[in-house]
Amino acid sequence: MGLTGRQKEFFLFIKNFLDEYGYPPSVRDIAKGMGIASISSVKKMLDRLVEAGVIKKDSSKARGIELIYHKGVPLLGRIKAGTPVFSEENIEGYVDLAEKFKNTENLFCLKVEGDSMIDKGIFEGDTAVIKKQPDINEGETGAFRINDEVTLKTFARKEGYILLIPANKRYKIIRVTSVDSFEVIGKLKFVIKDF
């Protein structure tokens, strides 16, 4: 689950306090440090952070806050296998890939929406595991940002143009022109099937 801006501020305050002092802040420490007069407002925000799965709270202790560090590759949102759709880079969860990859650094996951890549066996609901990298080779499938939207396609070049090729005859090839803003986000490494 992604955190709101205010929730991220609270989480970072708790993390920084813990890093600086070696123990978690009390509710009063958080109220003072965040400039909040109401203790109940702090408690409500802590409850939201518990619901989001980023902290544990032991209400029997004055300093009973524990950060939950997730292991795994972050799931950052959705990627359209069809028409590009904006994918906000907010962590929605984590995918444990330790058994599949020795090194998960620079990996992230996106949920697939749409059917433009079905001829490559990539279907709606699958999870695309992407290795973040700034370039990609001809014929490789990857995640691309075009005009602030994200899509999963196969990369090609023809007559000086970049082409993003779907794997479904019902969809047209996307031709990237000089007026488009374009970025290679990364290369598709693996697809986790949704059964």
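Residues are numbered from 1 along each chain as its sequence is written, and side-chain values use heavy atoms, with hydrogens and water left out. Because the model is predicted, local features need pLDDT of at least 70 and side-chain atom pairs count only at pLDDT 80 or more, whereas totals for chains, interfaces and linings use all residues.

A pair of aromatic rings is described by the distance of the centres and the angle of the planes. Rings of Phe, Tyr and Trp (its six-membered ring) were taken to pair if their centres lie within 6.5 Å; planes under 30 degrees apart count as stacked, over 60 as edge-to-face and the rest as tilted. Helices (H or I, at least four residues) and strands (E, at least two) are DSSP runs, numbered from the N terminus. Burial was assigned by relative accessible area (buried under 20%, exposed over 50%, partly exposed in between; 1.4 Å probe, protein chains only). Phe17 is buried at 12%, while Tyr21 is partly exposed at 44%.

A stacked pair is formed by Phe144 and Phe182, with 5.8 Å from centre to centre and 20 degrees between the planes. This pair links distant parts of the chain, since Phe144 is in strand 7 (residues 141-146) and Phe182 is in strand 11 (residues 182-192), 38 residues apart. Phe144 is buried, with a relative accessibility of 0%, and Phe182 is partly exposed at 24%. Ring pairs also join Phe13, Phe17, Tyr21 and Tyr23 into a cluster.

Helix 3 (residues 39-51) contains 13 residues and spans 19 Å from its first C-alpha to its last, close to the 18 Å expected at 1.5 Å a residue; the expected span is 1.5 Å times one less than the number of residues. Its buried residues are Val42, Met45, Leu46 and Leu49. Viewed down the helix axis, these buried residues fall within an arc of 105 degrees, so they line one face of helix 3; the arc is that of the directions from the helix axis to the C-beta atoms. Lys44 and Glu51 are exposed on the other side of helix 3. The elements covering the buried residues include helix 1, helix 2 (27-34), strand 1 (55-57) and strand 2 (65-67). Just after helix 3, Gly53 has a positive phi of about 80 degrees.

The loop between strand 9 (161-165) and strand 10 (174-176) contains Asn168, and Pro166 is located in the loop between strand 9 and strand 10 as well. Asn168 is buried, with a relative accessibility of 9%, and Pro166 is buried at 12%. Contact means heavy atoms within 4.5 Å. Leaving aside neighbours within four places in sequence, Asn168 is in contact with Asp115, Ser116, Ile118 and Asp119. With the same exclusion, the contacts of Pro166 are Ser116, Met117, Lys153, Tyr171, Lys172 and Ile173. Pro166 and Ser116 are 50 residues apart in sequence, and their C-alpha atoms are 5.4 Å apart in space.
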